[in-house]
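Student: Please pick one part of this structure and take me through it closely. Then show me what else lies around the model, step by step.

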Amino acid sequence: MGMTMSQKILAKHAGLESVREGQLIKAKLDMVLGNDITSPVAINEFNKAGFGGVFDKDKISLVMDHFAPNKDIKAATQCKQCREFAGKYDITNYYDVGDMGIEHALLPEKGLIGPGELCIGADSHTCTYGALGAFSTGVGSTDMAAGMATGEAWFKVPSAIKFNLTGKLNKYVSGKDVILHIIGMIGVDGALYQSMEFTGEGLKSLSIDDRLCIANMAIEAGAKNGIFEVDEITMAYMKERADRDFDIFKADDDAVYSKVIDIDLSTVKQTVSFPHLPENTKTTDEITEDIKIDQVVIGSCTNGRISDMRIAAEILKDKHIAKGVRCIVIPGTQKVYLQCVKEGLAEIFINAGCVFSTPTCGPCLGGHMGILAAGERAVSTTNRNFVGRMGHIDSEVYLASPAVAAASAIAGKITGIQ
Amino acid sequence: MKAHGTVHKYGDNVDTDVIIPARYLNTADHKELASHCMEDIDKDFVKNVKEGDIIVANMNFGCGSSREHAPIAIKASGISCVIASTFARIFYRNSINIGLAILECDEAAKDIENGNEVEVDFDTGIITNITKGCTYKAEPFPEFIKDIISKGGLLNSLK
């Protein structure tokens with residue numbers, strides 16, 4: 001029986017000829033990731049278990065991004081604990097304020113994950129790296145601790161849903177609209193325990209930034225991982241960032257899928273997820289009522305990349321955001337931040353009345369840098385709109401693309417852009 | 001091994017942001033996390049929960065963030081077992097890894113009501129609703145997972 005892309009990567013890393021759905025395996029890891037809120041729990045467990053050292057100091061990434069720059073004394077203490085651990089074990093890929101970025105924007109940018117590799121991260125959006133043809137999935141802190149010590153993790157081999165993409169996205173429609181459209185279609189548990197595998201001739205019109213955004217939100221459909229077939233676009237991206245060799249896995253022709261879903265990218269419209277689940281989607285042309293907003297957030301591991309900044313700036317150029325709206329723009333990494341400065345995007349944002357922040361996860365998870373009060377409403381390019389996600393339990397988050405978010409900031413209400 | 005307690009019942013898609021809001025993730029202290037458990041979905045939970053109580057919910061329990069703080073907060077608040085129709089996969093994995101007992105049983109999840117007194121036998125997978133006088137059968141764990149649990153969690157199983 002044929003294997004999916006995900007199954008082939010798992011088999012390779014488990015040292016097996018083949019694996020089948022439901023099989024429990026132990027596999028060797030190419031990268032283990034943690035951040036400033038999940039790593040402290042992992043470090044406590046690592047120390048408690050009495051491990052003598054880490055399996056490979058080059059294959060662990062610790063990124064201080066969630067509550068950094070430190071939002072309070074407790075957050076500072078957690079970052080300090082990570083810093084000391086990284087120092088003690090000489091962790092190569094430790095990223096602190098000054099060279100950090102939002103982890104899932106940073107690791108691909110640095111070339112730390114690539115095609116055919118296997119990564120676990122103590123953060124649910126670790127599934128982002130599937131955009132590059134890796135098998136990458138979110139786990140908890142105990143798995144991270146075990147991974148750091150042994151370089152291995154246990155997996156239940158997933159089945160998969162195949163997404164066959166055709167056509168080409170229209171102007172102002174992006175990867176964000178594609179993934180919101182898909183989650184609206186299959187629901188927040190529509191891919192529970194499964195892989196979402198993206199393939200088809202439509203891939204060639206999707207940039208790496210679009211793919212990273214789509215894979216990032218696979219978890220919001222309950223998926224174990226999202227993964228894209230590797231093509232020239234992937235290899236061109238990797239060539240600029242890494243000089244190691246990669247194994248490229250394509251699904252077998254007779255691979256078995258629980259479902260095959262065809263998506264014509266030219267039919268995808270600008271899409272918004274209404275509170276309080278990502279599956280509550282409407283296209284912008286279906287929104288007939290005036291939904292007034294208090295805040296807009298443009299950034300995050302979903303949409304904090306340079307193409308996101310560019311599209312937002314294109315829309316905000318020579319305009320001003322509506323009176324009474326606060327617009328917070330957060331580039332995903334230091335490199336993206338600097339690009340924004342050099343390309344004049346930072347100036348466009350500030351002239352439009354936005355604030356332009358250092359990289360941080362910040363408001364996405366209600367941490368800091370833009371918390372909502374009771375009754376307030378935000379349009380955000382982030383990935384979750386659960387109750388209380390960005391602040392008070394009586395606040396609301398509407399998920400959208402950078403284009404829709406920027407257009408909404410100008411209008412003062414949720415709106416699409418033609 | 002058995003669990004016996006009063007049920008706290010919830011619906012579909014209980015996410016880890018309501019189980020333990022991110023504003024409290026600046027600590028890894030188990031007791032402090034427990035003091036905010038379920039705060040954004042049930043502000044009286046912390047006041048009402050007793051040692052041994054059981055959480056029952058419907059589809060996709062524990063969806064969202066991978067924060068292990070969520071099962072830690074539930075376990076540290078005294079909950080002996082979580083029963084749901086389905087669990088989000090990272091929450092499921094984290095619960096096994098830290099030794100929080102969880103069971104998938106759609107029949108039990110649909111029938112059990114808030115405040116019911118319930119007993120769970122983990123060896124047989126039989127869930128008894130003492131209040132209603134009926135039983136349900138949960139899927140038992142695979143051997144691989146039983147082994148992790150019997151050794152006291154993932155890290156102990158590696159030693």
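Tutor: Start with helix H6 of chain A: the helix is mostly covered, with 9 of its 12 residues buried. Keep in mind that this is a predicted model. H6(A) runs over residues 175-186. From its first C-alpha to its last, the helix reaches 17 Å, close to the 16 Å expected at 1.5 Å a residue. Now find the buried residues. The stretch A:Gly175, A:Lys176, A:Asp177, A:Val178, A:Ile179 and A:Leu180 is buried. Just past the helix comes A:Gly187, with a positive phi of about 90°.

Now set another helix beside it. Helix H2 of chain A spans residues 39-49. Because 8 of its 11 residues are buried, H2(A) is largely enclosed by the rest of the structure. Its buried residues are A:Ser39, A:Pro40, A:Val41, A:Ala42, A:Ile43, A:Glu45, A:Phe46 and A:Ala49. What do they pack against? In chain A, the partners are strand E2 (31-35), strand E3 (60-63), helix H3 (73-88) and helix H5 (141-150).

An α-helix has 3.6 residues a turn, so residues three or four places apart point the same way.

Turn to the open spaces. The largest pocket holds about 510 Å³. It is lined by 22 residues, and those closest to its centre are A:Lys156, A:Tyr193, B:Tyr92, B:Glu104 and B:Ile145. Strand E7 (152-156) of chain A gives at least two residues to this lining. So do helix H5 (89-98) and strand E4 (102-104) of chain B. By class, the lining has 12 nonpolar, 3 polar and 7 charged residues.

The whole structure has 3 cavities of 30 Å³ or more. The largest cavity has about 210 Å³ of space. Its lining counts 21 residues; closest to the centre are A:His66, A:Asp123, A:His125, A:Leu365 and A:Arg389. Helix H4 (103-109) and helix H9 (300-303) of chain A each give two or more residues to that lining. The lining has 6 nonpolar, 9 polar and 6 charged residues. The second largest cavity has about 80 Å³. Among its 14 lining residues, A:Ile219, A:Gly222, B:Cys63, B:Gly64 and B:Ala88 are the closest to the centre. This lining has 7 nonpolar, 5 polar and 2 charged residues.

Finish with the cysteines. The search over all chains finds 0 disulfides. A:Cys213 is in none; the nearest cysteine sulfur, in A:Cys301, is 9.3 Å away. A:Cys213 is buried, with a relative accessible area of 2%.

Notes:
Residues numbered from 1 in each chain as written. Chains lettered and ligands numbered in written order. Predicted model: local features only at pLDDT ≥ 70, side-chain atom pairs only at ≥ 80, totals over all residues. Heavy atoms only, no water. Helix = DSSP H or I, 4+ residues; strand = E, 2+ residues; numbered from the N terminus. Expected span 1.5 Å × (residues − 1). Buried < 20%, exposed > 50% of the residue type's maximum accessible area, 1.4 Å probe, protein only. 1 Å grid on protein atoms, 1.4 Å probe; cavity = no way out; pocket = protein on both sides within 12 Å on 5 of 7 lines; lining within 4 Å. Points joined across faces, edges and corners; volume = space filled by probe spheres on them. Nonpolar A, V, L, I, M, F, W, Y, C, P; charged D, E, K, R; others polar. Disulfide = S-S within 2.5 Å. Contact = heavy atoms within 4.5 Å.
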